[in-house]
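Visitor: I am new to this structure and would like a short tour. Could we begin with the terms and then look at the chains?
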Amino acid sequence: MTTSQHGFLGALPPAHRDRLAEFAHEVEIPAGARIFEEGGAADRFWIIRSGGAALDVHVPGRPPPVVETLGEGDLLGWSWLFEPYRWHLGAQARGRLRAAEFDAGRVRTACGQDPAFGLAVTGAVAAVIARRLKATRTRLLDLYAPPGAGAGGGDG
Amino acid sequence: MTAPGAVGRSAALPVPYRVAARAAGAPGTATIVLEPVRSALPPFTPGQFAMVYAFGVGDIPLSVSGIDGDRLTHTVRSVGPVSAALHGLEAGATVGVRGPFGTDWGLPAAAGRDLLVVAGGIGLAPLRPLVRAALAAPGEYGRLNVLIGSRTPQDLLYAQETRAWAPRARVLVTVDRPDGRWRGEVGVVTALLDRAGFDPGTAAAFVCGPEPMIRATAAELVRLGADPGRIMVSLERTMHCATGHCGHCQLGPLLLCRDGPVVSWTTAEPLLLVREL
Ligand SMILES: Cc1cc2nc3c(=O)[nH]c(=O)nc-3n(C[C@H](O)[C@H](O)[C@H](O)COP(=O)(O)OP(=O)(O)OC[C@H]3O[C@@H](n4cnc5c(N)ncnc54)[C@H](O)[C@@H]3O)c2cc1C
Ligand code: FES
């Protein structure tokens, strides 16, 4: 695995980045494949090398709406770090996806054994969660809606 | 950023322009091309705006979304009486136009730098002439990135044209609410920043859209290492005179019709973070 500087890995100090890389192997996921399903065991996670993934929500009776797309350098999956270790969204590969796949159980164990490493990984994952939470809140404003159509609005 | 502003007659008296063409765009928006009936206004630069008067209804500020010789293009979203009247105009109709008003994007000052254009919703309208100017000057600037955020795929402005900007520019588009057919990105426009190709330390950024979007984008750019003085944002306030006299467009110490709409993030940030001015 090359230790890319940007995206999720860019948030980790080099030593911890290299340590994390020990738990990874490269995978290729075919276009359209389901990567994980809401409620399933979150035993792995990925850092996207190329291609993209769409996160979706299960809604009974209709195709799962996509709530966010992820691309190169992004962390795919964080439910593995927090109990009950179950996916809270679904994910599907868009186009052929190349990613570094990590064994979540081994990473968690390493985090427990080495608090400095654990803190670094947890901090980097928390930063991703914070950004996605912020993005979700921003979207709740219905940002680009015409004035009066939503809580947001605004013009050029 | 330059601040030529309108001087003399064109600032006070509307000059007649004819609607040469009209194209309906995203729902509720139309792009109208105006040509002078007799004499033209002084030239506009990207980022500046005109006061466009729908006779018998009123006038509103509209940014130029295209500049082609004496012809002015505006993209108008119908939200109230004046914008609805302008939105509904057919080719051949006459309007009154005052301008050019306000500061522009100051593109020439970004020579040699990577350019980052970030647009939310109809915020792409005032940025379009900037992108066109950058594309028309190959070699003048570094990498050109255009990041576009839209509510739905249907709300995307100039969809065909923006596709044609690639591969000369890196154009990334994201929507908040995809429909079943949308195969592009989903999420807020700030999420695209990681996927653009620019040097945050030296790039020049140009941002226009709803204020929360401007704030989120500028904050993220600063986090990535951008110089707040090189993040240009376009701000909006209600305008009446557009000549710096009535005070309607005041934002703190600024009169946005004269000192804006384009200001640097260094200037805008403290003003936008104050709750009431
Ligand atoms: C410098 C500048 C450049 C602009 N460029 C463009 C442009 O290129 N294209 C375009 O469509 N519009 C543009 N606008 C916004 C446009 O001027 C307003 O939408 C217009 O003034 C509305 O007038 P109205 O009489 O149709 O509606 P009004 O009766 O004034 O307003 C109708 C409703 O819309 C709300 N509203 C009006 N304007 C805005 C706004 N800007 N943001 C949020 N809510 C608003 C009002 O609060 C009201 O609820 C620009 C504004 C400025 C200041
Ligand atoms: S609109 Fe009158 S002072 Fe700016």
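Guide: A term first: two strands pair if DSSP finds at least two bridges between them. Please also keep in mind that this is a predicted model.

Visitor: Good. How many bridges join S5(B) to strand S6 of chain B?
Guide: Three bridges link S5(B) with strand S6 (residues 71–77) of chain B, and the two strands run antiparallel. Within S6(B), B:Arg71 is the bridge partner of B:Asp68.

Visitor: What is the strand order of the antiparallel sheet in chain B?
Guide: It is an open sheet of seven strands, in the order S4-S3-S7-S1-S2-S6-S5 (chain B), with antiparallel pairing. Strand S4 (58–63) and strand S5 (66–68) of chain B are its edge strands, each pairing on one side only. From one strand to the next, the twist averages 35°.

Visitor: And which strands of that sheet does H3(B) lie across?
Guide: H3(B) lies across strand S2 (29–36), S4, S5 and S6 of chain B, and runs at about 45° to S5(B).

Visitor: Let us stay with S4 for a moment. Which residues does B:Ile60 touch?
Guide: B:Ile60 is located in strand S4 of chain B. Leaving aside residues up to four places away in sequence, B:Ile60 touches B:Ala50, B:Met51, B:Val52, B:Val82, B:Ser83 and B:Leu86. As for B:Leu157, 97 residues from B:Ile60 along the chain, the C-alpha atoms of the two are separated by 20 Å.

Visitor: Now the mixed sheet, please. What is its order?
Guide: That open sheet has seven strands of chain B in the order S11-S10-S9-S8-S12-S13-S16, and the pairing is mixed. Strand S11 (185–186) and strand S16 (262–264) of chain B stand at the edges with a single partner strand each, so one side of each has no neighbour in the sheet.

Visitor: How do S8 and S12 of chain B run, parallel or antiparallel?
Guide: Strand S8 (residues 115–120) and strand S12 (residues 204–208) of chain B run parallel and are joined by five bridges. One of the pairings is that of B:Val118, whose bridge partner in S12(B) is B:Val207. Helix H3 (residues 124–135) of chain B packs on this sheet, where it touches S8, strand S9 (144–150) and S12 of chain B. The direction of H3(B) makes about 155° with that of S8(B).

Visitor: Changing topic: how many residues of each chain are in contact between chain A and chain B?
Guide: In chain A, 24 residues are in contact with 32 residues of chain B. The area buried between the two chains is about 2400 Å², and carbon and sulfur atoms give 49% of this.

Visitor: How many salt bridges and polar contacts are found across the interface?
Guide: The rule finds four salt bridges across the interface of chain A and chain B. In a salt bridge of 3.4 Å, N to O, the side chains of A:Arg139 and B:Asp176 meet. Nine residue pairs are in polar contact across the interface of chain A and chain B, with both residues at pLDDT 80 or more.

Visitor: Which elements give two or more residues to chain A's side?
Guide: These are strand S4 (66–70) and helix H4 (115–140) of chain A. The largest share of the side of chain A that touches chain B comes from S4(A), with five residues. By class, that side of chain A has 11 nonpolar, six polar and seven charged residues.

Visitor: What is the salt bridge count over all chains?
Guide: The count comes to 24 salt bridges over all chains. In chain A, A:Arg34 forms a salt bridge with A:Asp56, with the closest N and O atoms 2.8 Å apart. This pair links distant parts of the chain, 22 residues apart: A:Arg34 is in strand S2 (residues 34–36) and A:Asp56 in strand S3 (residues 44–56) of chain A.

Visitor: Last topic, the backbone. Where are cis peptide bonds found?
Guide: One joins B:Gly99 and B:Pro100, with omega about 0°, and B:Pro100 is in strand S7 (residues 94–101) of chain B. Another joins B:Ala166 and B:Pro167, with omega about 5°. B:Pro167 is in the loop between helix H4 (159–165) and strand S10 (170–175) of chain B.

Visitor: And what is phi of A:Tyr85?
Guide: Phi of A:Tyr85 is near 55°, a positive value in a residue other than glycine. A:Tyr85 lies in the loop between strand S5 (75–76) and strand S6 (90–103) of chain A. Most residues other than glycine have a negative phi, and most peptide bonds are trans.

Technical notes: Residues numbered from 1 in each chain as written. Chains lettered and ligands numbered in written order. Predicted model: local features only at pLDDT ≥ 70, side-chain atom pairs only at ≥ 80, totals over all residues. Heavy atoms only, no water. Contact = heavy atoms within 4.5 Å. Buried area = accessible area lost by both parts, 1.4 Å probe. Polar contact = N/O pair within 3.5 Å; in protein donor to acceptor, adjacent residues only side chain to side chain. Helix = DSSP H or I, 4+ residues; strand = E, 2+ residues; numbered from the N terminus. Nonpolar A, V, L, I, M, F, W, Y, C, P; charged D, E, K, R; others polar. Axes fitted to C-alpha atoms, helices over the stretch in contact; angles between N-to-C directions.
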